[in-house]
Amino acid sequence: MGHRTAPPPISWLIKAALSRPKLISLAAGFTDNATLPVDFSRKLLNEILRSPKTGQPALQYGTTAGEEPLRHLTASHLQKLDGGHDRAHAPERTIITGGSQQFLYMTLEALCDEGDTVLVEDPTYFVFLGILQSHGIKARGVKLERDGVDVAHLKTILERLKKSGEIRRLKALYLVTYFQNPTGATTTLVKKRAVLKLLKKFERAAGHPIYLIEDAAYRELRFDHGADVPTALTLPGAKNRVIYAGTYSKPFATGVRVGFGILPEPVYTAVLRIKGNHDFGTANLLQHLLARALASGVYDRQVAKVRKNYARKAAVMKRALAEHFPANVEIWAAGGGLYFWARLPKNISAGVKSKIFQAALKNDVLYVPGELCYADDSSRRKPANEMRISFGSASEKNIREGIQRLGAVLRKFI
Ligand SMILES: Cc1ncc(COP(=O)(O)O)c(C=O)c1O
């Protein structure tokens, strides 16, 4: 595994950013520094550490599944987001993890052997692709539209896998359903329902369950006026097939790095055992901090603050893009999350080795080349004409300046 694992692109993106002090990074998936909940966290930590009665349990090892109060609060928080729905949001099926990244990693380990296949959106979250690559799991890309995967394309792929017999190694479909990383696309409930039905239909040929992994990392970062979309957990038939990955990193604090998962049996028990080997429990102090934040209403106040701030930053980016980018660049402007997606004309590369990427670096502005977000899938060519641009960590001034620099580079090449 050590030999097989490729260097993660995220490492050199961060290195590139750190090596040029004047560089404006529109690449990082970091959250906004200025709104991190320093005062809230100090107050809550003070409360926890005020007496041995509350301080000692927080400074002690906890259980592998996570602190019971936090599991309950997490399940009821999700129920609330899903309009009181309680079909599948049970604390007994909830596990608290070191970010949702750890949850995704363990879930893949529980489901897959080397040589298995997982379907992903085309494009998708590139660190997830790293987990697949490292484990020798094959990825197949399903075309992504602005309202979620192309269901007809998913059907075609499933039929092809059935015909070739590869369906017997297909374990899951992974979707980032809210303000997707990298495109900002949000999957409608209609599509979630269609996808779940389709996967179910092919289970006979597979000879085992095909799970829908729903990654909702950006769910609470909505800043447009649309209503929240319910999760696939609320759908009939979801209880035994939907694996939900959530996180408190993005809405509360990335440095606290607590995530969670909700899963059906027998995957729940398998992931719990794997977590027992990983770390036998997420840092307890952080779990106590989050439980207090959720129970006291501090969490909701923080989420409201963060949303307002991203709404402002996204608007700044939108205006700057309209002003500085060539008109033939297609922009997907999200109503939440941290990212905009830009599509250059088809014949123009913005890939890692492209003149555009090199010129952008030279002009001290960094973006994520879209090609990094496509799985190694030999059944199609990876598009290289796209870029992920983030308004998450840059200040409003730097967003304006960064987009101006990037726009100048693009005008030279388009
Ligand atoms: C789509 C998606 N899922 C999961 C994660 C992991 O986040 P965390 O481990 O902080 O919960 C990220 C982080 O950027 C992400 O973009």
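Figure 1. In the side chain of Ser249, an N or O atom is 2.7 Å from an oxygen atom of the ligand. A polar side-chain atom of Arg257 lies 2.8 Å from a ligand oxygen atom, and a backbone N or O atom of Gln101 lies 3.0 Å from an oxygen atom of the ligand. A polar contact is a pair of N or O atoms within 3.5 Å; within protein, one must be able to donate a hydrogen and the other to accept it, and residues adjacent in sequence count only if both atoms are side-chain atoms. Taken alone, the ligand exposes 400 Å², and the protein buries 94% of that (areas by the Shrake-Rupley method with a 1.4 Å probe; for residues, only the protein chains shown count as cover). The model is predicted: local features need pLDDT of at least 70 and side-chain atom pairs pLDDT 80 or more, while totals for chains, interfaces and linings use all residues. Residues are numbered from 1 along each chain as its sequence is written, and side-chain values use heavy atoms, with hydrogens and water left out.

**Figure 2. The shell around the ligand.** Of the 13 residues around the ligand, Ser100, Asp215, Tyr218, Thr247 and Ser249 come nearest (a residue is near a molecule if one of its heavy atoms lies within 4 Å of it). The shell holds four nonpolar, six polar and three charged residues. Here Ala, Val, Leu, Ile, Met, Phe, Trp, Tyr, Cys and Pro count as nonpolar, Asp, Glu, Lys and Arg as charged, and the others, Gly among them, as polar. Helix α5 (residues 99-111) gives the most to this shell, with three residues. Helices (H or I, at least four residues) and strands (E, at least two) are DSSP runs, numbered from the N terminus.

**Figure 3. Two cis peptide bonds.** The bond from Asp122 to Pro123 is cis, with omega near 10°. Pro123 lies in the loop between β3 (117-122) and α6 (126-135). The bond from Asn181 to Pro182 is also cis, with omega near 20°, and Pro182 is in the loop between β6 (170-176) and α8 (189-201).

**Figure 4. A positive phi at Phe280.** Phe280 is found in the loop between α10 (267-278) and α11 (284-296). Its phi is near 40°, a positive value in a residue other than glycine. Most residues other than glycine have a negative phi, and most peptide bonds are trans.
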